[in-house]
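Work through the exercises below with the structure in view. Try each task before reading its solution.

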Amino acid sequence: PERETTCFYAALVIHDASSGYQCEAYPHTGNISKVSACTHVHDRLSKASVTAMIVSFFLMFFETPLWCTNSVGSWSFVEQCDYADGSKTQSFGGLLVLSPSVALCVELCCTLVLMAFHMHEYWLNRIIGVMRSRGPLPIVWCSVLSLELLDIFIFSVLSVSGRHPSFRLSPYCRLAIFLSVYKVRNVFYSAFTCLKTFCSIVWFIFLAITLFGWIIAMILHDVGVRDVAGFETIFQSMWSLFQMQTGKTFPDSSNALVLRYPQMTLLTVPFMILTYFLFSNLMLAVVYKAYQQDTQLRLREFYSNRNKGKVEAFRRISSEVGGRRGVSKVAYEQVVACLNSFPSWKRTSAEQAQILFDTVDEEGTGFLNFQEFAWCCDLWQYKFYTTPSSSLLLRHFGWGASVKRFIEQGQLELITNCVLCVNVLFIAVETFYDFTCGLATDTCVPTFCDVAEDFFSCVYLVEVGLNISTLSFRNYWSKTHNRFDFVISWFLFLADLGKIITSRTGGTIGFGDIQLSHEFKTMLPYLNILRVLRLVKLLERIPSFEKMSSCVFLLVTISSDMFALISLTLTFFAVIGVQSTGGRITSDAVLDGTAPDNLIYTFDDMTTSCLALLSVLVNAWMPEYSVAIDQVNRLHEIPVVGRFVGPHFGKLYCVTFFFLGVNVALNIFIAFTIDLFVIIDSMEESGAAFRSAQDKHIQEMEKVWRSRDCVLHSVMPTFLVRIQVLSKCLEIDLEKIEDDW
């Protein structure tokens with residue numbers, strides 16, 4: 001079992017199983033040098049592909065919109081384009097816009113990198129002999145990228161020939177390739193599984209709108225009234241009721257009806273109770289329950305595959321010892337060496353691996369049973385590093401022992417907190433003078449404020465120096481709040497030093513040919529922002545603030561897939577908006593008086609399009625956009641969709657986004673955030689936050705390093721934290737799943 005080939009393939013099983021792959025069918029023998037080289041290249045390409053996806057995504061916000069024809073073939077930056085009426089855009093979301101030639105070159109490079117990654121993944125599967133995939137085969141993503149390459153070629157040919165296409169497939173391909181990422185694909189699959197249950201609630205809403213719209217239209221027809229705004233026909237009645245049930249046009253949409261016939265409140269109020277209060281909230285509950293169930297199944301599958309990989313690796317490298325199977329230290333060291341050869345794996349030094357083995361081997365037999373080996377598989381994914389405990393002066397010269405006692409007794413912290421409190425008062429005084437003096441000269445602010453600022457900056461710098469004099473710099477730098485204090489304190493000190501120099505040199509500092517003018521002094525009041533950030537350290541002393549900040553930070557860390565769901569949904573609809581109505585709302589609709597003139601965010605480019613949809617997402621519904629898009633497309637036939645859909649495209653577009661963007665994506669995000677925060681908060685209060693079976697072994701390792709006057713730092717992988725929190729949120733017993741294996 002200690003053979004190099006066996007240990008390498010066992011390490012490959014552990015490596016892939018940790019990411020949720022099914023690894024039971026991996027080969028036992030083969031050309032390990034070839035597989036190792038291909039795996040190494042694959043890991044490098046994997047990181048490059050992530051970068052390429054991110055670059056191609058953000059490239060959409062810097063590309064010239066298709067409607068902009070005055071920049072075709074240009075290699076220069078384009079800041080504005082001409083509308084059809086000759087007017088110019090103000091700016092594209094405040095961003096520079098690349099010419100098509102530059103954007104195409106960047107897009108082509110990103111597409112080729114992604115194509116190389118997926119083709120190499122297919123080739124690696126051929127070499128290993130197993131399709132190591134957690135979703136669609138690599139050939140599917142290669143097909144998507146081939147369509148993007150074809151689109152790039154066609155767009156280039158048309159641009160060179162002087163023709164300007166009004167539609168491109170490339171943006172949709174760039175968004176589709178994000179589904180090749182396991183986490184992103186899972187969250188979208190789970191969201192799509194909600195659609196079946198979601199459609200049943202939509203049918204109830206549609207039936208309610210149809211029923212009440214039909215009743216109102218029939219009543220108005222019987223009394224011979226045809227001029228009630230928003231209720232002229234049965235279809236206009238249904239459209240007005242739909243906008244009312246979103247909650248954003250009630251009672252505005254029904255004002256004309258109720259003012260003329262007050263008895264109509266007997267219909268409008270029950271309609272709102274039924275749709276807005278009942279069906280809309282029922283939709284939230286139903287959608288999130290379906291999402292939870294699907295996510296629960298996927299999480300169970302992911303965790304089961306991890307445990308299957310541990311069993312398979314143990315079976316391959318274990319040997320019979322005293323009637324029991326175990327992993328010897330030789331096999332253990334070879335597996336660690338093989339894992340360290342994978343670029344995407346957290347490296348474990350030989351010394352760290354030795355200490356880990358001795359710590360996990362509780363019986364001291366020199367062999368690891370399956371449970372102990374399973375613990376090692378998890379601990380190998382942690383990031384471990386050690387730093388000297390004390391500073392160089394304290395270790396070699398004994399200087400700073402009294403300072404260390406001064407810090408450990410909390411006296412330095414007490415003094416710093418007092419200084420921070422006084423600093424708050426001085427910031428308030430200085431801000432008062434800044435705002436009350438208006439455009440007065442610098443003498444408006446009292447001199448004692450400047451002296452106090454210099455004093456506070458020196459105190460903060462002394463605090464940093466005292467901490468570094470007792471701790472090694474690497475140990476000091478390992479804490480996030482220490483890095484924050486170090487950077488802010490030095491920045492404030494250097495800024496105050498520059499202020500003193502400018503005051504003595506008449507407002508100018510000279511460095512050779514470089515001159516810093518008096519404008520430097522106008523920036524100094526903004527340093528109060530940094531001082532306020534420095535006061536965050538004071539808030540950290542408040543237990544409730546510390547708990548809340550840790551909850552929010554952890555929530556943001558493990559909710560990346562939720563942000564991907566919202567971002568990609570917004571971007572998908574933004575692409576449709578730009579290609580269909582870009583450059584038309586401002587130039588035509590407003591000038592002709594057919595659309596509201598208060599639409600700041602239009603669909604001229606990707607940035608303003610996303611901001612427009614974000615406005616709709618925040619408000620749940622904005623009728624101005626459906627009106628504007630419909631009116632614009634009555635004036636100009638919309639590309640692709642045809643003449644019949646064009647005049648009603650605004651309604652279709654906004655209604656689709658309302659249901660998929662607001663009622664599905666946003667509802668899942670809101671419910672997930674609330675549920676997750678409750679779980680994190682309860683775990684924080686119970687003191688059992690993210691405790692795992694590996695913690696006791698980490699504590700034993702810390703004792704070993706402490707005896708060597710070193711500090712062991714361990715960082716739990718984010719995905720393991722996410723699994724633990726989601727298991728609590730979805731009520732999954734991970735320990736039972738692991739015990740079953």
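**Exercise 1: Cysteines**

Find the cysteine sulfur closest to that of cysteine 109, and decide whether the two are bonded. The model is a predicted one.

Solution. Start at the sulfur of cysteine 109. The closest cysteine sulfur belongs to cysteine 105, 6.9 Å away. A disulfide needs two cysteine sulfur atoms within 2.5 Å. The pair is therefore too far apart for a bond. By this rule, the count of disulfides is zero.

**Exercise 2: Buried or exposed?**

Classify cysteine 109 and cysteine 142 by relative accessible area.

Solution. Take the cut-offs: buried is under 20%, exposed is over 50%, and partly exposed lies in between. Cysteine 109 has 48%, so it is partly exposed. Cysteine 142 has 9%, so it is buried.

**Exercise 3: A charged patch**

Which residues form a positive surface patch?

Solution. The patch is made by Arg44, Lys47, Lys346 and Lys383.

**Exercise 4: Backbone in the loops**

Locate the cis peptide bond at proline 251. Then examine phi at alanine 620 and aspartate 709.

Solution. The cis bond joins phenylalanine 250 to proline 251, with omega about 5°. Proline 251 is in the loop between α7 (234-245) and α8 (255-260).

Next, alanine 620: phi is near 75°, a positive value in a non-glycine residue. Alanine 620 lies in the loop between α25 (606-619) and α26 (623-635). At 18% relative accessibility, alanine 620 is buried.

Last, aspartate 709: phi is positive, about 60°. Aspartate 709 lies between α28 (695-706) and β7 (710-715), in a loop. With 35% relative accessible area, aspartate 709 is partly exposed.

Terms used
Residues numbered from 1 in each chain as written. Predicted model: local features only at pLDDT ≥ 70, side-chain atom pairs only at ≥ 80, totals over all residues. Heavy atoms only, no water. Patch = residues over 30% accessible without salt bridge, like charges linked within 9 Å, V, L, I, M, F, W, Y side chains within 5 Å. Areas by Shrake-Rupley, 256 points an atom, 1.4 Å probe, with all protein chains shown as cover. Salt bridge = Lys/Arg side-chain N within 4 Å of Asp/Glu carboxyl O. Lys, Arg positive; Asp, Glu negative; His and termini not counted. Charge placed at Lys NZ, Arg CZ, Asp CG, Glu CD. Buried < 20%, exposed > 50% of the residue type's maximum accessible area, 1.4 Å probe, protein only. Helix = DSSP H or I, 4+ residues; strand = E, 2+ residues; numbered from the N terminus.
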